[in-house]
Amino acid sequence: MEFQTNKVTNAYLSKKEEWDETEVFNYKKKIKVQLAAPWFTMIVMLGIYAAVTMAVWAANIVLGIFGLGDVFKYVSSQLVTVVLLAAFILISFFAARAHAKKKTQKFVIENRGEVGHSGRPYSKGISRGLFFSIIISAAGIAGVLFFNLIYVLDGMENFITQFISMDLLGTLACVIGALLYPLFYHLKAQAVLRSFDKDTCPICSRSNYRMVKRAVNKAEDEVISKQVAYTPGKIAYVYGQFIIDKTKYTRETDESCYITYCRYCSFYVKGNGTEQID
């Protein structure tokens with residue numbers, strides 16, 4: 001079923017609403033705060049990673065005080081480096097993706113889907129942020145590897161072993177992990193904006209508009225009544241203009257039991273929300 005086949009909407013909606021993303025209240029300030037978030041978090045992550053790395057070296061001092069050698073007497077320096085580097089990168093990856101998804105979704109929804117559209121300032125800011133994060137992370141990682149290479153050149157007989165030791169590479173693993181955070185963040189934020197852009201209301205043009213509700217069977221009445229304001233026997237959304245009598249349907253997959261509507265305006269349509277908009 002195509003979306004426009006059974007399209008219905010508020011009978012009093014006379015024309016498509018016009019609006020400008022840049023006219024959103026306090027727009028410039030909101031954009032600056034939003035775009036600064038990954039870079040600020042990068043600094044915080046660097047501090048946390050550096051503290052963990054310093055703890056390893058502090059453990060060396062403590063063990064030395066008690067005459068127990070050092071950390072690398074019990075765990076190889078190379079293994080500690082690999083573990084720290086892998087841990088920092090993985091933490092940055094998952095934390096950045098979660099942060100970007102939550103913050104981007106919240107920003108778009110709180111501004112009623114009027115921000116984040118392709119070609120507009122916020123979307124362009126995310127694209128620029130991705131570009132700069134690629135350059136900065138690449139330059140930073142290259143710098144760390146270059147200085148580490150210079151540091152170990154004198155010990156060519158044990159080059160590989162020295163190269164991945166805690167001496168320099170392990171100590172600077174915190175820098176690599178932190179520099180990758182903005183890159184992961186911007187990649188995810190850009191993906192979220194693209195998915196929202198594909199989900200644009202055909203009436204008000206706001207992004208991330210689609211909400212789906214369905215009529216339920218009698219067994220669900222009691223549960224749903226405790227969770228939301230619900231009228232047993234019917235589902236009536238969007239100014240009460242579209243009503244489904246759930247007693248007529250028993251199968252949850254029956255598309256007649258569903259309505260898809262815009263969270264921002266009066267548009268709604270029969271269907272389960274999987275239809276394509278042309």
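Predicted model: local features only at pLDDT ≥ 70, side-chain atom pairs only at ≥ 80, totals over all residues.

Student: OK, is Asn208 buried or exposed, then?
Tutor: Asn208 counts as buried, at 9% relative accessibility. Its place is the loop between α7 and β2, and its phi is near 55°, a positive value in a residue other than glycine.

Student: Back up a bit. How many helices and strands are in the chain?
Tutor: There are 8 helices and 6 strands. Those are DSSP runs numbered from the N terminus, helices being H or I with at least four residues and strands E with at least two. In sequence order the pattern reads β-α-α-α-α-α-α-α-β-α-β-β-β-β. The chain has 278 residues, and 39% of them count as buried.

Student: How do α3 and α7 pack?
Tutor: α3 (residues 77-110) meets α7 (residues 173-198) at an angle of about 30°, and the axes are 7 Å apart. The axes are lines fitted to C-alpha atoms, for helices over the stretch in contact, with angles from 0 to 180 degrees between N-to-C directions. What lines the contact is 20 nonpolar, 5 polar and 4 charged residues. Here Ala, Val, Leu, Ile, Met, Phe, Trp, Tyr, Cys and Pro count as nonpolar, Asp, Glu, Lys and Arg as charged, and the others, Gly among them, as polar.

Student: Now the charges. How many salt bridges does the structure hold?
Tutor: It holds 2 salt bridges, each being a side-chain nitrogen of Lys or Arg within 4 Å of a carboxyl oxygen of Asp or Glu. One joins Glu110 and Lys106, at 4.0 Å from N to O. These residues are 4 apart in helix α3, so about one helical turn separates them. Glu110 is exposed, with 54% relative accessible area.

Student: And which residue does Glu114 pair with?
Tutor: Arg206, with the closest N and O atoms 2.6 Å apart. Glu114 is in the loop between α3 and α4 and Arg206 in the loop between α7 and β2, so the pair ties together parts 92 residues apart in sequence. Glu114 is buried at 14% relative accessible area, and Arg206 is buried at 2%.

Student: What about Ser207, buried or exposed?
Tutor: Ser207 is buried, with a relative accessible area of 2%.

Student: Last topic, the surface. Which residues form a nonpolar patch there?
Tutor: Phe146, Phe147, Leu149, Ile150 and Leu153, with about 480 Å² of accessible area together. Patch members have over 30% relative accessible area and no salt bridge; nonpolar side chains (Val, Leu, Ile, Met, Phe, Trp, Tyr) are joined within 5 Å, like charges within 9 Å. The areas come from the Shrake-Rupley method with a 1.4 Å probe, and for residues only the protein chains shown count as cover. Leu153 sits in the loop between α4 (121-152) and α5 (159-163).

Note on methods
Residues numbered from 1 in each chain as written. Heavy atoms only, no water. Buried < 20%, exposed > 50% of the residue type's maximum accessible area, 1.4 Å probe, protein only.
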